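Subject: Structure for your review

Dear colleague,

I am handing over the structure below, together with an account of what was found in it. Please read the notes with the structure open beside them.

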Amino acid sequence: MSRILALHGYLQTGSVLSSRLGHLRKANPFKRAGCQFFFIDGPYLVVRDDDGEPHGHILAGGDDARDDDAGGDDAGRSWWRFS
């Protein structure tokens with residue numbers, strides 16, 4: 001059995017990427033090989049201003065973080081903090 005780690009892009013989440021790659025996960029070569037996909041979320045929540053534009057990052061679950069669910073399901077994530 002093969003394990004595949006799928007990392008989302010900027011302003012995405014693991015669940016969004018999982019739904020977008022559903023056709024790939026169900027493709028015959030991956031099914032036959034018994035591949036198992038793992039979709040994880042980046043550690044930083046992207047903070048948006050009133051216009052919805054990203055303008056900062058907070059560490060999800062850290063001391064300076066808000067609730068991890070801040071922003072709802074559409075809250076984007078990032079793998080690192082931009083200056």
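A surface patch, as the word is used here, is made of residues with over 30% relative accessible area and no salt bridge, and like charges are joined into one patch within 9 Å. Asp 50 sits in the loop between β3 (44-48) and β4 (54-59), and with a relative accessible area of 83% Asp 50 is exposed. Please keep in mind throughout that this is a predicted model.

Overall fold

The chain has 3 helices and 5 strands, and their order along the sequence follows the pattern β-α-α-α-β-β-β-β. Of the 83 residues in the chain, 27% are buried.

The nonpolar patch and Ile 40

There is also a nonpolar surface patch of about 370 Å², made by Leu 5, Leu 7, Phe 38 and Ile 40. The elements that give two or more residues to this nonpolar patch are β1 and β2 (36-40); Leu 7, for one, is placed in strand β1, while Ile 40 is found in strand β2. Ile 40 has a relative accessibility of 38% and therefore counts as partly exposed. Once residues up to four places away in sequence are set aside, Ile 40 touches Leu 5, Ala 6, Leu 7, His 8, Gly 14 and Trp 79. Taking one of these pairs, Ile 40 and Ala 6 are 34 residues apart in sequence, yet their C-alpha atoms are 7.3 Å apart in space.

The loop between β1 and α1

Two residues in the loop between β1 (3-7) and α1 (14-20) deserve a look, and Leu 11 is one of them. Most residues other than glycine have a negative phi. Leu 11, although it is not a glycine, has a positive phi of about 70 degrees, and with a relative accessible area of 29% Leu 11 is partly exposed. Gln 12 is found in the loop between β1 and α1 as well. Is Gln 12 buried or exposed? At 16% relative accessibility Gln 12 counts as buried, because the cut-off for that class is under 20%. Leaving aside neighbours within four places in sequence, Gln 12 is in contact with Leu 17, Arg 20, Gly 76 and Arg 77.

Trp 80

Trp 80 lies in the segment after β5 (77-78). Which residues does Trp 80 touch, not counting residues up to four places away in sequence? They are Tyr 44 and His 57. Trp 80 and Tyr 10, for their part, are 70 residues apart in sequence and 9.3 Å apart in space, C-alpha to C-alpha.

Definitions and conventions. Residues numbered from 1 in each chain as written. Predicted model: local features only at pLDDT ≥ 70, side-chain atom pairs only at ≥ 80, totals over all residues. Heavy atoms only, no water. Helix = DSSP H or I, 4+ residues; strand = E, 2+ residues; numbered from the N terminus. Buried < 20%, exposed > 50% of the residue type's maximum accessible area, 1.4 Å probe, protein only. Patch = residues over 30% accessible without salt bridge, like charges linked within 9 Å, V, L, I, M, F, W, Y side chains within 5 Å. Areas by Shrake-Rupley, 256 points an atom, 1.4 Å probe, with all protein chains shown as cover. Salt bridge = Lys/Arg side-chain N within 4 Å of Asp/Glu carboxyl O. Contact = heavy atoms within 4.5 Å.
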